Amino acid sequence: CCSKVICEGCDYANQMRQQEAKLEQTCLFCRHPSPDTDADVNRNRMKRIEANDPAAICMMGFILSDEGDYQGAFDYFTKAAELVNSADAHYKLSLLYYEGKGVEKDTKKAIYHSEEAAIGGHLFARHNLGCIEDNNGRKDRAVKHYIIAASLGF
């Protein structure tokens with residue numbers, strides 16, 4: 001389907017509405033029937049990737065990262081970050097650079113992508129920036145990052 005991401009509560013409410021009314025299970029956004037098989041899911045995802053859908057591109061990065069294909073994940077996360085400045089993509093890029101997975105380890109690039117993700121509202125990136133500042137002896141800056149991360153739900 002369209003690969004839009006919605007909160008679990010909205011997804012649950014839609015599923016309950018469809019079950020109570022005995023409706024076919026469809027996507028909340030595009031109203032296409034839910035895919036029946038993993039092959040259908042993958043086919044839909046690839047269609048969305050070909051259409052430059054940043055959510056689908058980022059999802060493919062997550063899948064490849066989970067499978068250990070860090071270079072492939074890096075390529076997808078980079079594309080998602082370039083397309084819409086995705087906070088999730090920037091966060092994952094920061095981890096890849098920090099850990100040297102799929103790319104050469106580069107702390108400066110890791111911090112850059114953490115900052116981009118934090119600006120985009122990514123709470124784990126914000127917390128990680130607090131840890132970096134704390135380790136560098138800048139306690140006042142670290143506390144600010146920690147407070148923002150906590151206010152975002154960390």
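Visitor: Is Phe124 buried, partly exposed or exposed?
Guide: Phe124 is partly exposed, with a relative accessible area of 42%. Buried means under 20% relative accessible area, exposed over 50%, and partly exposed in between, using a 1.4 Å probe and protein chains only.

Visitor: What should I keep in mind about the model itself?
Guide: This is a predicted model, in which local features need pLDDT of at least 70 and side-chain atom pairs count only at pLDDT 80 or more, while totals for chains, interfaces and linings use all residues. Residues are numbered from 1 along each chain as its sequence is written, and side-chain values use heavy atoms, with hydrogens and water left out.

Visitor: Back to the rings, then. How many aromatic pairs are there?
Guide: The count comes to four aromatic pairs. Rings of Phe, Tyr and Trp (its six-membered ring) pair if their centres lie within 6.5 Å; planes under 30 degrees apart count as stacked, over 60 as edge-to-face and the rest as tilted. One of the pairs is Tyr91 with Phe124, which is tilted, at 6.4 Å centre to centre and 35 degrees between the planes.

Visitor: Which helices does that pair link?
Guide: Tyr91 lies in helix α5 (residues 87-99) and Phe124 in helix α7 (residues 123-135), so the pair links distant parts of the chain, 33 residues apart. Helices (H or I, at least four residues) and strands (E, at least two) are DSSP runs, numbered from the N terminus.

Visitor: And Tyr91, buried or exposed?
Guide: Tyr91 counts as buried, at 15% relative accessibility.

Visitor: What is the geometry between Phe124 and Phe154?
Guide: Phe124 and Phe154 form an edge-to-face pair, with 5.6 Å centre to centre and 80 degrees between the planes. This pair too links distant parts of the chain, 30 residues apart, with Phe154 in the segment after α8 (139-151). Phe154 is partly exposed, at a relative accessible area of 47%.

Visitor: What sits over the ring of Tyr98?
Guide: The charged end of Lys105 does, 5.6 Å from the ring centre. The criterion is NZ of Lys or CZ of Arg within 6 Å of the ring centre and within 35 degrees of the ring normal.

Visitor: Changing topic: how many salt bridges?
Guide: There are six salt bridges, each defined as a side-chain nitrogen of Lys or Arg within 4 Å of a carboxyl oxygen of Asp or Glu.

Visitor: Which residue does Arg138 pair with?
Guide: Arg138 forms a salt bridge with Glu133, the closest N and O atoms being 2.4 Å apart. Arg138 is partly exposed at 36%, whereas Glu133 is buried at 9%. Salt bridges that share partners join Glu133, Arg138 and Arg141 into one network.

Visitor: Where do Arg43 and Asp40 lie?
Guide: Both lie in helix α2 (residues 38-50), three residues apart, about one turn of the helix.

Visitor: One last item: what does Leu83 touch?
Guide: Leu83 touches Asn52 and Ile57, not counting residues up to four places away in sequence; contact means heavy atoms within 4.5 Å. Leu83 is found in helix α4 (residues 70-84) and counts as partly exposed, at 38% relative accessibility.
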